[in-house]
Amino acid sequence: MELTERKKRILRAIIESYIATAEPVGSKAVAQLAGLDVSSATIRNEMADLTEMGLLEQPHTSAGRIPSATGYRLYVNELMGEHRLSMQETQRINDALEMKMEELDRVIDRAGKVLSKISDYPVFSMTEVKDVVTVRRYDLLMVEENAFIAVVMTDTSVVKNKIIRIPDGLSDPQLQMLSTILNSSFTGLSRDQMRQALGKMADHSTPGAFRLISMVVEFAIEVLGDLRRQTVRTAGITHLLEHPEYKSLDKAKPLMQYLSNDDESAALPALFGGNQGMNILIGPENVSEAFRDTSVVMASYDIGDNMRGVIGVVGPTRMDYAKVTARLSYFADSLTRMFGKGEQPALPNAEDTEE
C-alpha cells in the first residue's frame with residue numbers, strides 16, 4: 001500500500017495520539033501533531049482518503065478518526081519509531097532477572113510480573129515442552145532427625161523440592177549415602193526407566209533403604225510428569241481494567257476469564273506458531289475469537305538444550321507498540337543470555353530519564 005509522505009505523517013500522528021489518549025483525533029489536532037503547514041481542509045481530505053483506504057475509521061459522523069487494525073499493521077511495519085528504554089526500565093528488568101540460574105520457573109514468573117507492571121498490560125509466558133525430561137541432580141538437606149528436603153533439578157533447569165518425613169531417625173552419613181545412590185542410579189533416565197531401575201533395586205536393598213530411595217524417586221517421577229504438561233503463566237490480568245477499552249466489565253470479563261483459565265490459556269502458544277524472534281498479531285489477525293479486538297505481542301527466547309520459551313503482552317489494539325516491542329525484545333534477549341551463558345546483557349543505549 002503506497003502512501004504519500006504527507007499521508008504517512010498524518011496516519012502516524014493520528015495513531016500515536018490515539019494510543020496516548022484513546023480519543024478520536026480531529027484535523028486541527030493532526031495539523032499540530034504532524035507539523036504540517038497546510039489547511040485543515042487539506043488534512044480533512046487526506047484523512048478521508050486514509051479512511052477510504054481502510055487505514056482509519058470514523059466512530060461517529062461528527063467525530064475525529066481512529067486507527068483500524070489495518071492502519072495499526074501499516075504503522076507497526078513501516079511508520080513506528082524505535083523506543084529507547086530508560087535507565088530505570090533496564091534496571092528494573094535486570095533486577096527482576098537476578099536470581100539463581102537453575103530456578104527457571106521462578107525466573108519466568110518474576111519476569112512476567114515485572115514486565116506486566118512496567119507495561120500496564122497482562123503478560124503470558126510459557127516454555128517449550130521437551131519430549132523427554134530427565135533428572136540432572138538430587139540434593140538432600142537434613143532439616144531435623146526425622147525429616148529432610150529432597151531437591152530435584154531437571155535437565156531443563158527446573159528445580160523442585162519437597163520435605164520428606166520418616167518415622168525413624170537418619171544420620172548425615174546415611175543421608176549422604178542416599179544422595180550418592182540417587183545421583184548414580186536415577187539421573188538421565190526417563191520416568192519409565194526410573195521405575196524399572198527402582199524395581200531392580202528392590203531386590204538388593206534393605207527394606208529401610210529402599211523405602212527412602214523410593215520416596216525420593218517417586219517425587220522425581222511426579223516432577224517429570226508435571227513438566228510434560230504445557231504450562232502457561234499469566235500475570236497482571238487486572239491491568240486490562242486500567243484501559244478505556246475495558247472499562248465495561250462486559251467487555252473485559254470474557255478476555256480476563258480466557259487468560260485466567262488454564263485450559264483456555266494453554267492455547268496461547270499456538271498463536272505464536274513456529275516463528276522465531278518478535279511477532280505482533282493485531283485484532284482480527286489473532287486466530288482465537290477471544291482476541292479479535294485485542295493485540296498480542298510475543299517474543300521468543302532460548303533456554304538451552306534446544307529449548308525455547310515465549311513471553312508475550314496482551315492489550316487493546318491501541319497498544320503502544322514501540323514501547324512494548326522494545327521492552328519485550330530486551331526481556332527476551334536478557335532471558336536468552338541468562339539461560340545460555342549465565343550472564344545479564346549489557347545495558348542498551350538507554351535514555352537516562354524515567355518514563
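1. Y138 stands opposite V152, a residue of β5. The model is predicted, and this pairing is read from it. The strands concerned are β4 and β5 (residues 147-154), joined by eight bridges. They run antiparallel.

2. The sheet around this pair is open and has three strands. Their order is β4-β5-β6, and the pairing is antiparallel. β4 (135-144) and β6 (159-165) are the edge strands. Each has a single partner strand, so one side of each lacks a neighbour in the sheet. Direction ignored, neighbouring strands are turned by 20° against each other on average.

3. A helix covers part of this sheet's strands by contact: α7 packs on the sheet and touches β4 and β5. The direction of α7 makes about 165° with that of β4.

4. I163 belongs to strand β6. Leaving out residues up to four places away in sequence, I163 touches A147, F148 and I149. I163 and V143 are 20 residues apart in sequence. In space, their C-alpha atoms are 8.4 Å apart.

5. Next, the helix pair. Two packed helices are described by the angle between their axes and the distance between the axes. Here the pair is α7 (residues 172-185) and α9 (residues 207-227). The packing angle is about 50°, and the axes are 11 Å apart. α7 and α9 are therefore oblique to each other. Their crossing is right-handed.

6. Which residues of α7 and α9 make the contact? From α7 come L178, I181 and L182. From α9 come L212, I213, V216 and V217. By class, the residues of this contact are seven nonpolar, no polar and no charged.

7. A22 has a positive phi, near 65°. A22 sits in the loop between α1 (5-21) and α2 (27-34). With a relative accessible area of 16%, A22 is buried, because the cut-off for buried is under 20%.

8. D120 is the other case, with a positive phi near 65°. The loop between α6 (104-119) and β3 (123-127) holds D120. Buried or partly exposed, where does D120 fall? D120 is partly exposed, at a relative accessible area of 33%.

9. D120 leads on to H239. Neighbours within four places in sequence aside, H239 is in contact with S116, K117, D120, Y121 and P122. H239 lies in the loop between β7 (232-235) and α10 (249-260). Its relative accessibility is 15%, so H239 counts as buried.

10. Finally, the chain as a whole. What does the secondary structure come to? There are 13 helices and ten strands. The chain has 355 residues, and buried residues make up 47% of them.

Definitions and conventions
Residues numbered from 1 in each chain as written. Predicted model: local features only at pLDDT ≥ 70, side-chain atom pairs only at ≥ 80, totals over all residues. Heavy atoms only, no water. Axes fitted to C-alpha atoms, helices over the stretch in contact; angles between N-to-C directions. Helix = DSSP H or I, 4+ residues; strand = E, 2+ residues; numbered from the N terminus. Parallel < 35°, antiparallel > 145°, perpendicular 65-115°, else oblique. Left-handed = near helix turned anticlockwise from the far one by under 90°. Contact = heavy atoms within 4.5 Å. Nonpolar A, V, L, I, M, F, W, Y, C, P; charged D, E, K, R; others polar. Pairing = 2+ DSSP bridges. Buried < 20%, exposed > 50% of the residue type's maximum accessible area, 1.4 Å probe, protein only.
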